[in-house]
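Subject: Structure handover

Hello,

Here is the structure I promised to pass on. Please open it alongside this message.

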Amino acid sequence: MKIFERKCFGTTPGSGNTALVIDGHQGDGAARQQLASGWQTSACAFLDPQDDGSWHIDYYYPHMRSPLCLHATLAAAQVLFARQGHDETIEVRTAMRGQPLRLARTAGGFGIGLARQTAPPLAIAPGLAAALLGPCELLSAPALASVGSPKLLLEVASPAALHRLAPDLAAIAAWGQAHGVSGCYAYCRRADGGYEGRNFNHLDPRLEDSATGVAAGALTVHLGQALVLHQGGSCRMVTEIDGDMVTVGGKVEAFE
């Protein structure tokens, strides 16, 4: 078994959201969850080779298995391209749902292409945002969108308001598990024309994502436009949209 540590979506050396890419693990889901819980890294991507030469990627957070994690996919892209040489693209699938993902090199690192998915048809109860995030004022109605891992999207007024939020992480996790939603993403518009966000999905506040690719993809679908999305103080995600297809891209830094 080989383990590769990667920092994803960072803008400066040593910054970014950490993911572990694990190649050659033969254990079952329970063993993978135990490893992910012990490592306490925000996400782990297990590479599973298939008989036809393709790859499936199996994602685990410390507290749960996930259908999709794009920063871990970005890390896996770096590992797979380093192994397979100069391919222009690599096609993979997610382990839980068989969702196809297209990995590509970009001028700024790597990109992940994927199709928008149908979000759960939920009615959002009045007061849900305040129950999950604490006192807050939303600038638009709550929305649900997905590129494979649905997000509840909540727009607040400013970066200052974004960083004042005091989320109830246990309540977010419970609501998400009850409704098939992978946490919530609070975001705001910035003065420079870009966007900034925070993702709430982990139970441990120390594991708050510094970059969340699935949220960047979901927000792109919701707003219907390409985005530059900042998160965690030093992370930057760039998205493109072409019909039903979304690409989420950024840098990857290797730590051996």
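Below is what was found in it, topic by topic. Please keep in mind that this is a predicted model.

**The cores**

Start with the nonpolar residues. The largest nonpolar core has 49 residues. Phe9, Leu47, Tyr59, Val92 and Leu103 touch the most other members of this core. Which helix gives the most to this core? Helix α2, residues 70-84, does, with nine residues. There is also a second, separate core of 20 residues. Leu128, Trp175, Val181 and Cys188 are included in that second core. As general background, nonpolar side chains tend to be buried together in soluble globular proteins.

Phe9 deserves a look of its own. Leaving out residues up to four places away in sequence, Phe9 touches a run from Ser234 through Cys235 and Arg236 to Met237. Phe9 also touches Val248, Gly249, Gly250 and Lys251.

**Asn17**

Asn17 lies in strand β2, which covers residues 17-23. Is Asn17 buried or exposed? Its relative accessibility is 4%, so Asn17 counts as buried. The side chain of Asn17 has polar partners. One is the side chain of Asp209, in a polar contact at 3.3 Å. Another is the backbone oxygen of Ala211, which lies 2.7 Å from a polar atom of the Asn17 side chain. Beyond its neighbours within four places in sequence, Asn17 is in contact with several residues, including Arg6, Lys7, Cys8, Ser42, His71 and Cys235.

**Strand β8 and its partners**

Strand β8 spans residues 109-115. Five of its seven residues are buried, so β8 is largely enclosed by the rest of the structure. Strand β7, residues 100-106, runs antiparallel to β8 and is joined to it by five bridges. These two strands form a hairpin, with two residues between them. Across this pairing, Ala104 stands opposite Gly111 in β8. Strand β15, residues 245-250, is also antiparallel to β8. Six bridges join β8 and β15. Here Gly113 stands opposite Thr247 in β15.

**Helix α5**

Helix α5 covers residues 169-179. Its buried residues include Leu169, Ile172, Ala173, Trp175 and Gly176. The face turned away from the buried side carries the exposed residues Ala170, Gln177 and Ala178.

What do the buried residues of α5 pack against? They pack against α3 (128-133) and against the strands β9 (143-145), β10 (151-155), β11 (184-189) and β12 (195-200). After α5 comes Gly180, whose phi is positive, near 70 degrees.

**Aromatic pairs**

Last, the rings. The structure holds three aromatic pairs. One of them is formed by Tyr187 and Tyr195, and this pair is tilted. The ring centres of Tyr187 and Tyr195 are 6.4 Å apart, with 45 degrees between the planes. Both residues count as buried, because relative accessibility is 1% for Tyr187 and 6% for Tyr195.

Best wishes

Notes
Residues are numbered from 1 along each chain as its sequence is written. This is a predicted model: local features need pLDDT of at least 70, side-chain atom pairs count only at pLDDT 80 or more; totals for chains, interfaces and linings use all residues. Side-chain values use heavy atoms; hydrogens and water are left out. Helices (H or I, at least four residues) and strands (E, at least two) are DSSP runs, numbered from the N terminus. Buried means under 20% relative accessible area, exposed over 50%, partly exposed in between (1.4 Å probe, protein chains only). A polar contact is a pair of N or O atoms within 3.5 Å; within protein, one must be able to donate a hydrogen and the other to accept it, and residues adjacent in sequence count only if both atoms are side-chain atoms. Contact means heavy atoms within 4.5 Å. Rings of Phe, Tyr and Trp (its six-membered ring) pair if their centres lie within 6.5 Å; planes under 30 degrees apart count as stacked, over 60 as edge-to-face and the rest as tilted. Two strands pair if DSSP finds at least two bridges between them. A nonpolar core is a set of buried Ala, Val, Leu, Ile, Met, Phe, Trp, Tyr and Cys residues joined through side-chain atoms within 4.5 Å.
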